[in-house]
Amino acid sequence: MKGAVDIAWWMLASGYLLMFIPLAIFRYYRSGLEKATVWAVIRMTVQLLLVGLYLEYIFKWDSPLINFTWVFVMTIVASYTVIKRTGLRLRMFFVPVLLSTLASIVLIDYYFLGFVIGLKNIFTARYFIPITGMLLGNSLKNVIIALDSFFRRIDDEQITYRWELANGATRSEALLPFMRFALKKAFNPLIATTAIMGLISLPGMMTGQILGGSDPMVAVKYQIMILVVIFSSTSLNVWLTIIFSERVAFDGFDNLRREIFSGHR
Amino acid sequence: MIEFENVSLNWDDRIIFRDLSFSVKPGEKVALVGESGSGKSTLLNLIPGFIPHFRGKIVVDGLILNATNVHAIRQKLAYVPQALQFTVFPTVKSLFFTPFSFVYNRKLKPDRKVVRMLFERFELSTDLLNRSVKEISGGQKQRILLAGALLLKRPVLLLDEPTSALNKEIKQAVADYILGLKDVTVIAATHDEYWMKKSDKILEIKNLHG
């Protein structure tokens, strides 16, 4: 089998014509989304082209130190994005979110790349960078939903939280219903998409591998594993993020600090 | 014994309490009264340490309220807030039994007979336990929380408007039962005249300021 047909640069440019469909719809309904859409597509293009350039060199050098540094930078950007999107205070949450993200990808990467795939060097650029990128990208949305629903719900239902504390709960016991709520919010959509995988959607990684010339069954095996790995790393990341964040989010009396929300003065 | 000594509280540059001092004896039934917004609920929330940035001293059963003692103090209390929320609990059963799942309360988990007796006293059906929290009325939720608090067998009950969502007959039955409990200190923020009448002491917030 040979690799995917290359797309000529000018043909790539013609592909952008498809963006006129959403832009026309947004414009017709005066949704105000046009500018943000154009900006998002420009950012996506520039970022991916830069990544393409970087990856060419990173794959050529294939140095564990550079590869790990690259993944570390990706983790910093992911942690920053999570906190910004949840409206929590960056200064308070950056370290807990960064640590939990790093811990979850290190553990899961080590098991998946070192044991399941059986790589001698798990930092091999061809595997380490794209797999970790996929883990980060896919867990991002769930971590945002979990963290946001957890802390917002405690704030909205402060009476409930206080009722538990004042009736003998430890902080962990009082937070249990909120943890359950956040897990349901974050994982119900992931459970649903995992359950219909292959029926109404062909996942991106598998499609990419088939286009790249892989045997479909090899692509399917990788896809199955990657979905399991994403599920597992996302749950670990969500759990650790909430556990680590608890340490900064409550005062010595176990009350939720109002200043964790960036809008609070 | 609960003591407030020169307790002051500011919130967003607004003075809520200024040098508040009073004491409540063991077993005493106290009605906290005052206009809406006078700070009745805030005062109740000070005792379990929910508003720690006050000045002055609060002592519960010999323990000074601070970060070290707050858990020991909370273990002496049962607290029933105004029943507005609790939607994180899917069913009434999970709401009612949640306090009995805490390690400190595990031995107090009531059997079905005790629950049924207390529910009957508060004119509640145990069928409610299988309903969703969103389906039941404010008055039902209030009585369910009160029943749960009583089963915790704590020496101090803190109640925020315990009868506000109840009709007159049930109000009186609930007040008679709770205010008739010997050896239990009850501090209730209330607008209910019958409750005030049956209490040992009425504290009007505006008269407590130094």
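Two strands count as paired if DSSP finds at least two bridges between them. Helices (H or I, at least four residues) and strands (E, at least two) are DSSP runs, numbered from the N terminus. This is a predicted model, in which local features need pLDDT of at least 70 and side-chain atom pairs count only at pLDDT 80 or more, while totals for chains, interfaces and linings use all residues. Residues are numbered from 1 along each chain as its sequence is written, and chains are lettered from A and ligands numbered from 1 in the order in which they are written.

**Stop 1: strand 8 of chain B**

Select residues 185-189 of chain B. Is this strand buried or exposed? 5 of the 5 residues of strand 8 of chain B are buried, so the strand is largely enclosed by the rest of the structure. Buried here is a matter of counting C-beta atoms placed from the backbone: 20 or more others within 10 Å of a residue's own make it buried, 12 or fewer make it exposed, and anything in between is partly exposed.

Strand 7 of chain B (residues 156-160) pairs with strand 8 in the parallel sense over 5 bridges, and B:Leu157 stands opposite B:Val186. Strand 3 of chain B (residues 29-33) also runs parallel to strand 8, joined to it by 4 bridges; there, B:Val30 has B:Ile187 as its bridge partner.

**Stop 2: the core**

Pick B:Leu32 and show its surroundings. Leaving aside neighbours within four places in sequence, B:Leu32 is in contact with B:Lys40, B:Leu43, B:Ile187, B:Ala188, B:Ala189, B:Leu203 and B:Ile205. A contact means that the C-beta atoms of two residues, placed from the backbone, lie within 7 Å.

A nonpolar core is a set of buried Ala, Val, Leu, Ile, Met, Phe, Trp, Tyr and Cys residues joined through C-beta atoms within 7 Å. Which members of the largest one touch the most others? Of its 99 residues, they are A:Ala146, B:Leu32 and B:Leu158. Helix 6 of chain A (residues 125-156) gives the most to this core, with 13 residues.

**Stop 3: the antiparallel sheet**

Strand 1 (residues 2-11) and strand 2 of chain B are joined by 7 bridges, and B:Val7 stands opposite B:Leu20.

Two aspartates here are worth a click. Most residues other than glycine have a negative phi. B:Asp12, in the loop between strand 1 and strand 2 of chain B, has a positive phi near 50°; it is exposed, with 6 other C-beta atoms within 10 Å. B:Asp19 lies in strand 2 of chain B and also has phi near 50°, but is partly exposed, with 14 other C-beta atoms within 10 Å.

**Stop 4: over to chain A**

Colour chain A by secondary structure. Chain A has 10 helices and 0 strands, and its C-alpha trace spans about 65 × 55 × 35 Å along its principal axes. Of its 265 residues, 29% count as buried.

An automatic or database assignment divides chain A into domain 1 (6-61) and domain 2 (63-260). Their C-alpha centres lie 26 Å apart, and the contact between them takes 4 residues from domain 1 and 7 residues from domain 2.

With 12 C-beta neighbours inside 10 Å, A:Gly212 counts as exposed.

**Stop 5: where the chains meet**

Show both chains. Their contact takes 25 residues from chain B and 20 residues from chain A. On the chain B side, strand 6 (77-80) and helix 2 (70-74) each give two or more residues, and strand 6 gives the most, with 3 residues.
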